[in-house]
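I opened this notebook to record what I looked up in one structure. The entries follow the order in which I made them.

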Amino acid sequence: MANVPRRPNRMPRWLIGVVAVAALIGAGVIGGVISNATQSSTSASSSTCPVTSVADEVLPSVVTIEASGGSASGIGSGSVIRSDGYILTNNHVVLPAVGGGSLRVLFSNGSTAPANIVGRDPLTDLAVIKVTGVSNLPVIAMGSSNDLQVGQPVVALGAPLGYASTVTAGIVSALDRTVSVPGENSQPALLVNAVQTDAAINSGNSGGALVDCSSRLVGVPSAGATAPSANGGPSSTGNIGLNFAIPVDLAKTVSNEIIDNGKVTRSYIGLDAEPIGSGGRGQNATGQG
């Protein structure tokens with residue numbers, strides 16, 4: 001995860017998170033994310049949420065994803081959404097494997113399996129992969145991001161820095177955030193109605209699970225911010241508790257369409273806007289506008 005400074009009185013730059021083992025930047029991906037919760041918020045959420053039982057129930061459905069291809073490789077996380085091997089994750093997690101690379105999935109019981117990319121949606125930073133040779137996988141329970149309330153406890157599960165099956169706790173800090181993050185091919189991705197949380201999440205958690213206290217998936221951890229260093233560059237002392245997850249209601253829609261069609265389609269109303277220059281472009285155009 002590359003850290004990005006958050007400058008006073010300016011919009012922060014956000015980065016997407018994945019552990020960069022090799023030249024991910026050269027592959028068009030900038031690692032970003034996510035933040036450590038303060039000890040006080042973690043303790044508070046732990047006291048009101050049965051984190052131990054949540055972890056026991058959810059961890060078998062959360063996997064570690066190793067992606068490699070060419071000179072790029074990385075580690076991220078994912079959640080099993082169908083028992084026959086479909087796994088939801090972030091697009092930037094699988095990006096090193098695009099174009100002939102490979103994916104390997106590590107399960108919580110220590111077993112591994114190869115996987116293939118089913119489809120990707122760079123605009124929402126979501127992707128679906130499918131493991132081969134494995135069946136009857138434990139499926140994560142689906143919640144609804146529309147039911148979330150600011151201040152309620154949540155639990156994050158994934159593989160920060162490659163440490164598989166890591167569990168942290170925090171709260172929902174805010175809702176309905178819109179966060180623009182760097183995407184592939186110089187095109188931005190947009191996290192719409194994102195869930196903001198202070199749950200301790202780090203590089204490698206991307207694509208994993210943010211769940212409520214009933215062990216239901218409510219978000220896909222994807223982006224965050226860091227404080228600036230003394231010289232104005234990225235901080236080297238950690239992150240600041242500003243983390244964002246893609247809401248599960250959007251993730252369900254996108255993942256279902258990817259599984260059904262291999263891609264996501266979007267409607268277009270057929271209208272474009274064109275500025276009118278001093279030369280009077282366009283029929284009956286006069287002046288500038």
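How many residues lie between E4 and E5 in their hairpin, and which residue in the turn has a positive phi? I found five residues between the two strands, and Gly 85 in the turn has a positive phi of about 115°.

**Entry on the source.** I note that this is a predicted model, in which local features need pLDDT of at least 70, side-chain atom pairs count only at pLDDT 80 or more, and totals for chains, interfaces and linings use all residues. Residues are numbered from 1 along each chain as its sequence is written, and side-chain values use heavy atoms, with hydrogens and water left out.

**Entry on the whole chain.** I counted four helices and 15 strands in the protein chain. Helices (H or I, at least four residues) and strands (E, at least two) are DSSP runs, numbered from the N terminus. Of the 289 residues, 49% count as buried; buried means under 20% relative accessible area, exposed over 50%, and partly exposed in between, with a 1.4 Å probe and protein chains only. I then looked up contacts, meaning heavy atoms within 4.5 Å. Among those between residues at least 6 apart in sequence, 67% join residues at least 24 apart.

**Entry on strand E5.** I returned to the hairpin. Strand E5 covers residues 86-90, and five of its five residues are buried. Strand E4 (residues 72-80) pairs with E5 in the antiparallel sense over two bridges; two strands pair if DSSP finds at least two bridges between them. Val 80 has Ile 87 of E5 as its bridge partner. E5 is also joined to strand E8 (residues 126-131) by five bridges, again antiparallel.

I next looked up Asn 90, which belongs to strand E5 and stands opposite Leu 126 in E8. Asn 90 is buried, with a relative accessible area of 0%.

**Entry on the ring of Tyr 86.** Which charged ends sit over this ring? I found that of Arg 82 at 5.8 Å from the ring centre and that of Lys 130 at 5.4 Å. A charge sits over a ring if NZ of Lys or CZ of Arg is within 6 Å of the ring centre and within 35 degrees of the ring normal.

**Entry on the nonpolar cores.** A nonpolar core is a set of buried Ala, Val, Leu, Ile, Met, Phe, Trp, Tyr and Cys residues joined through side-chain atoms within 4.5 Å. The largest one holds 34 residues, of which Leu 157, Leu 191 and Val 211 touch the most other members. Helix H4 (residues 248-261) supplies the largest share of this core, five residues. Another core, of 17 residues, lies apart from it and includes Leu 103 and Phe 107.

**Entry on the disulfide.** I found one disulfide, defined as a pair of cysteine sulfur atoms within 2.5 Å. Cys 49 is joined to Cys 213, with S to S at 2.1 Å. The two cysteines are 164 residues apart: Cys 49 is in the loop between helices H1 (39-48) and H2 (51-58), and Cys 213 is in the loop between strands E13 (209-211) and E14 (216-225). The torsion about the S-S bond is about -130°, so the disulfide is left-handed. Cys 49 is buried at 5% relative accessible area, whereas Cys 213 is partly exposed at 26%.
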